[in-house]
Amino acid sequence: MKKCKCKKDRKCRGSKKTNKQKKSQCNPNPFADAVIPPCAEYLENDNVLVLDGELIYRSVNKIYVFITTSASNNGPTGSLGEALETNVEISITTFIIGLFINQVQMGVIEYDKTKPIHPDEKIDLLIHQCLQNICEEDKEENQYDSEMNEKTKESQKDEMGNKSDESEGANESQSQNSAEFNYKLTFIISNGNAIATFVKYQVNITELNYTILLALNRLEGDPGLYFPNNNYATPIPVNFYLAGLNIKFPIDPKCL
């Protein structure tokens, strides 16, 4: 009987496995011998795999969607003093709901409280309650505007003339010290770092819309979205398609 060469495990005595089988089991990384050929630099892509005698160039572009906030305040001279931007990654479902709410608030889509927006009944009820409150506020504002328009032009001029000096000074001081907040929906096609984007599309949304979408993001409970921007490609069909794209070239011995 041949002596077992394995020092840690003596159970391999009497094993009929070949040396090739043992080697494949002991190798934790079957691609350890893979190398990036010098000719890869001409394709401007170092992210190359060598597998079965072929060079594989992967597509790492994916779709990422975010809710974005930007805040800035003006300095004493009116110049930009400070600026802050945040991006919270959301699911494509939440993104579509955000687009719908934006269209409702803009008056493009007529709001109907009987039509479902979210598949979860409790979440759907929450969204409808928020939208109904906004619709009621909009009606009150429109009614107030119509009442203001009924005033005579002379009385409006008098009121504005008396307050013009005070309002100009107040507006000037507010513009110098007030912070400006903007909320957006952001759609990106990019690689994992999302820095140099292939496509970037943004839609301005209201603070209420942002708040609803942030709540939906937390209620979804997707562990991949727990971190605001963590290089997570959501499992949607288009991302699976992009992940399956690759370009293969047979290895030329002259390049090695």
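This is a predicted model: local features need pLDDT of at least 70, side-chain atom pairs count only at pLDDT 80 or more; totals for chains, interfaces and linings use all residues.
How many aromatic pairs does a search of the whole structure find? I noted two aromatic pairs. In one of them, Phe95 and Phe187 are tilted, with 6.0 Å from centre to centre and 45° between the planes. Since Phe95 lies in helix 2 and Phe187 in strand 5 (residues 179-190), this pair ties together parts that are 92 residues apart in sequence. I looked up both accessibilities: Phe95 counts as buried at 6%, and Phe187 counts as buried at 19%, because the cut-off for buried is under 20%.

I then turned to Tyr183 and Tyr210, whose ring centres are 5.3 Å apart and whose planes stand at 45°, so I recorded the pair as tilted. This pair links distant parts of the chain, with Tyr183 in strand 5 and Tyr210 in helix 5, 27 residues apart. Tyr183 counts as buried too, at 16% relative accessibility.

Next I checked Asn102, which is found in helix 2 and is buried, with a relative accessible area of 5%. Leaving aside residues up to four places away in sequence, I listed its contacts as Val203, Asn204, Ile205 and Asn209.

Ile109 lies in the loop between helix 2 (92-105) and helix 3 (121-149), and I noted Ile109 as partly exposed at 32%.

Last, I looked at Asn231, which has a positive phi of about 60° although it is not a glycine; Asn231 sits in the loop between helix 5 (207-220) and helix 6 (237-244).

Conventions
Residues are numbered from 1 along each chain as its sequence is written. Side-chain values use heavy atoms; hydrogens and water are left out. Helices (H or I, at least four residues) and strands (E, at least two) are DSSP runs, numbered from the N terminus. Buried means under 20% relative accessible area, exposed over 50%, partly exposed in between (1.4 Å probe, protein chains only). Contact means heavy atoms within 4.5 Å. Rings of Phe, Tyr and Trp (its six-membered ring) pair if their centres lie within 6.5 Å; planes under 30 degrees apart count as stacked, over 60 as edge-to-face and the rest as tilted.
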